[in-house]
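Please examine the sequence and the structure before reading on.

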Amino acid sequence: MNIVVCIKQVPDTAEVKINPETNTLIREGVPSIINPFDMHAIEAALQIKEKVGGKVTVITMGPPQAETALRDALSMGADDAVLLTDRAFAGSDTWATSYTLSKAAEKLGADIIICGKQAIDGDTAQVGPEMAEFLDIPHISYIRKIEDIRADYIRVQRLMESGYDIVESTIPVLLTVVKELNEPRLPSLKGKMAAKKAVIKKWTSSDIGADEDKIGLKGSPTQVKNIFAPEAKTGRKMLEGTLEEQIDALIQELRQLKCM
Amino acid sequence: MYVMMNIEKCTGCEECLSSCPFDAIEIREGKAFINENCQVCMACLSACPEGAISEIEKEEPVEFDIQKFKGVWVFAEQREGKVASVAYELLGAGHRLADELTTELSAVLFGASESEAQELIRWGADKVYFSTDPVFEKFNDEPYSQLFIQLIRKHQPEIVLAGATPIGRSFIPRVAARLGTGLTADCTSLEIDRETRNLLQIRPAFGGNIMATILCPNKRPQMATVRPRVMKRGQYNEKRTGEIIPVNPDGISTRTKVVETVKEISDIFVNLQEADIIISGGRGLGNPQGFKLLEKLAGLLGGAVGSSRAAVDEGWISYSHQVGQTGKTVCPKIYFACGISGAVQHLVGMQSSDIIIAINKNPEAPIFNVATYGIVGDLYEIIPLFIKKIKELRGMGESGSG
Ligand SMILES: Cc1cc2nc3c(=O)[nH]c(=O)nc-3n(C[C@H](O)[C@H](O)[C@H](O)COP(=O)(O)OP(=O)(O)OC[C@H]3O[C@@H](n4cnc5c(N)ncnc54)[C@H](O)[C@@H]3O)c2cc1C
Ligand SMILES: Nc1ncnc2c1ncn2[C@@H]1O[C@H](COP(=O)(O)O)[C@@H](O)[C@H]1O
């Protein structure tokens, strides 16, 4: 089984701040991590390999620094890593990103592609399903359990609003995973050594045969017009008095606001 | 369309060379290569023993005439045959946009009955495209996206909205990918730029730390998924009439099958994204029984029960209740945070709630920074007292438990 995992290096969102004067992101000093959902995608791929055999390749599209994310994945046990890096990829929205990743997955001859449910920087959750459409393969979102997997068949549990669905698919297929699926393993010492020495393939747009009109800024239908700080929440009110008085005051307020 | 050679699969066996009537295949460095003579006749496809040759559908590079696209569309999702409430919110938002653009509002409904379609009209749709085909009863990405793509190609709306629900966020990206247009996820506000008629799609990013305005200026339709519970429903008018247009899926194929739908928890306690009131508990509950207390309050107020990740990790409640960065994003009218410290990963999932009520023993807990009302104290004293007071107020005795 040829398994490809798409991982993204993201800033640790808890630390991202906006500069209120310039309305731009302050990225300096913000640590980079592998998108948390993608850690579960890597773990899922390793488990599938352990079960049915095969090869796990991690890919990422990003700047040269994203190599560290790939090495982290290799240290967990991935077999191979590809960095898609090219100036021409800059400014990609989800459409162009998915197109680019799908070209790479095609070149790798992926049977199973695993993505995180969403990346925590943009929270779009669009790249996985869009890739599947570009590749003309089925996808199943929000996988919380893999019940069965064979060479040409997979059965999974898909997390939905008030429970889950059991979904079957043929392979090739693309999966997006939620954190409930598994507990990502820690890198082993051996893995760390191997990751340090590994040669990471670097592919540009011509390596994957991408159509220039479909990548980067040019291939991106959406544009960010501006970014701004969210409105500050107003009216913080600590209630006072005995507990009973506080509760009375709360009920009073809620009734005034017609919430009760 | 064009023909593609997968060089990873090609063994250089040369079988394909003679199959080509146009001399378009040559061997380069031991691999077959398709040159510019190719007329896309597909004769070589079956000649390759490795299956390395395939046809690729290439989007025609149409000159995009965005003026041709007219009308606002709303995808009305159903669950178990009932239109989800987010659809009515989308109609409210869609109506406002359609009015500004002086155009029509249409809804698309798959897998529900005509009476549900009628409801959509009463809530503001001028037209409803709908299919009762059983293939749409349970949500399945491929049939949903295929028919939706067909309809959009045929009728060319300028704006397409869907709920940012598990369903919308799963299949709408396929639609946008195929149509070659932009999609903005999880919008919390939508406006029209009067000059250009562009849709201004406003959404939080970086875990809610910033807001971004997204445009799709050169492609149509402009597509967005919209966060449930942020848009106002429109006016319900029982006498409103409109056109109901049955549509049939044509040549739909699917490789996935939804075998079973399993409900884990009763709707009242889990449908977080649609609840007006959410009572959430965290590690401060101390034990799983704490959630019983919260359920009691939820039952009384008609709310749903949420939780922090810590409570899920402790195994006190299932993951479907989790609010926050790796759980659900909610924005009810009232959010109760009981025994939740207010870690940033929790805050990003609930800080846009209208009213936040924090109950915590620790006056320094960061949850109080976002709270509209804060009560410092033991939740096991406060909540029972609160329940008692509400019951008294409603003239319910101890027996009239909710
Ligand atoms: C990548 C990542 C993603 C995450 N995603 C999420 C997410 O989606 N959602 C989420 O919630 N968290 C998430 N977290 C975890 C988050 O950082 C916090 O650990 C978590 O929210 C803490 O939960 P808590 O507030 O219930 O627990 P605690 O932080 O332990 O707080 C318990 C609170 O209860 C109070 N308390 C105790 N007893 C009582 C009592 N009797 N009465 C009143 N108050 C009492 C205490 O004063 C304390 O403030 C994530 C973390 C990471 C690293
Ligand atoms: N630049 C990228 N490189 C590799 N994988 C990505 C990239 N962007 C997104 N992904 C994958 O797509 C998933 C969803 O991302 P998003 O649509 O951005 O929320 C992520 O969890 C990754 O698995």
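Two strands are said to pair if DSSP finds at least two bridges between them. In this predicted model, strands β10 (residues 159–163) and β15 (residues 222–226) of chain B run parallel and are joined by five bridges.

- Seven strands of chain B form an open sheet with parallel pairing, and their order is β11-β15-β10-β5-β8-β9-β16.
- Strands β11 (183–187) and β16 (243–246) of chain B stand at the edges; each has a single partner strand, so one side of each lacks a neighbour in the sheet.
- On average, neighbouring strands of this sheet are turned by 20° against each other, with direction ignored.
- Opposite Leu161(B) stands Ala224(B), a residue of β15(B).

**The shell around ligand 1**
- Ligand 1 is surrounded by 24 residues, and the closest are Ser308(B), Thr326(B), Ser341(B), His346(B) and Asn360(B).
- By residue type, the shell consists of 15 polar, five nonpolar and four charged residues.

- The side chain of Ser308(B) has an N or O atom 2.5 Å from an oxygen atom of ligand 1.
- Gln345(B) places a polar side-chain atom 2.8 Å from an oxygen atom of ligand 1.
- Gly327(B) has a backbone N or O atom 3.3 Å from an oxygen atom of ligand 1.
- Ligand 1 exposes 990 Å² when taken alone, and the protein buries 77% of that area.
- Helices α7 (309–313) and α8 (344–347) of chain B are the elements that give two or more residues to the shell around ligand 1.

Terms used: Residues numbered from 1 in each chain as written. Chains lettered and ligands numbered in written order. Predicted model: local features only at pLDDT ≥ 70, side-chain atom pairs only at ≥ 80, totals over all residues. Heavy atoms only, no water. Helix = DSSP H or I, 4+ residues; strand = E, 2+ residues; numbered from the N terminus. Axes fitted to C-alpha atoms, helices over the stretch in contact; angles between N-to-C directions. Near = heavy atom within 4 Å. Polar contact = N/O pair within 3.5 Å; in protein donor to acceptor, adjacent residues only side chain to side chain. Areas by Shrake-Rupley, 256 points an atom, 1.4 Å probe, with all protein chains shown as cover. Nonpolar A, V, L, I, M, F, W, Y, C, P; charged D, E, K, R; others polar.
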